[in-house]
Amino acid sequence: DSDIVHEQLGKSIISNADCVILVGHNNRTKNLEIGMGGRVKVVHINKTLEFIEVVKGWKLKKSPLILLENDVPENCL
């Protein structure tokens, strides 16, 4: 079931990410957050490319490593 898979993915994110940027509000993003259990900073955006502005606003000492996963192609437009 997709809900369980996304919760498990959220749990695996806990020790591997400082921040997760989620695109949209749906069952997948909800279950990722459930899996992370509030242990990872989460930022919500509406369109995939909005992540650029989010990251620009961070005061980083080095370049971030960003993984983009998107199953809705029109969300990039």
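At what angle do helix α1 and helix α2 pack, and how far apart are their axes?

Analyst: The model is a predicted one, in which local features need pLDDT of at least 70 and side-chain atom pairs count only at pLDDT 80 or more, while totals for chains, interfaces and linings use all residues. Residues are numbered from 1 along each chain as its sequence is written, and side-chain values use heavy atoms, with hydrogens and water left out.

Two packed helices are described by the angle between their axes and the distance between the axes. Here α1 covers residues 2–13 and α2 covers residues 27–36; they pack at about 45°, and their axes are 7 Å apart. α1 is therefore oblique to α2: angles under 35 degrees count as roughly parallel, over 145 as roughly antiparallel, 65 to 115 as roughly perpendicular, and the rest as oblique. Axes are lines fitted to C-alpha atoms, for helices over the stretch in contact, and angles run from 0 to 180 degrees between N-to-C directions. Helices are DSSP runs of H or I with at least four residues, and strands are runs of E with at least two, numbered from the N terminus. The crossing of α1 and α2 is right-handed, that is, the near helix is turned clockwise from the far one by less than a right angle.

From α1, the residues S2, D3, H6, E7, L9, G10, K11 and I13 meet N27, R28, N31, L32, I34, G35 and M36 of α2, contact meaning heavy atoms within 4.5 Å. The residues of this contact comprise five nonpolar, six polar and four charged. In this division Ala, Val, Leu, Ile, Met, Phe, Trp, Tyr, Cys and Pro are nonpolar, Asp, Glu, Lys and Arg are charged, and the others, Gly among them, are polar.

T29 also lies in α2. With a relative accessibility of 7%, T29 counts as buried (under 20% relative accessible area; exposed is over 50%, partly exposed in between, with a 1.4 Å probe and protein chains only). Leaving aside residues up to four places away in sequence, T29 touches L22, V23 and G24. A polar atom of the T29 side chain lies 2.9 Å from the backbone nitrogen of N26.

G38 belongs to the loop between α2 and β2. Its relative accessibility of 71% makes G38 exposed.

Notes
Polar contact = N/O pair within 3.5 Å; in protein donor to acceptor, adjacent residues only side chain to side chain.
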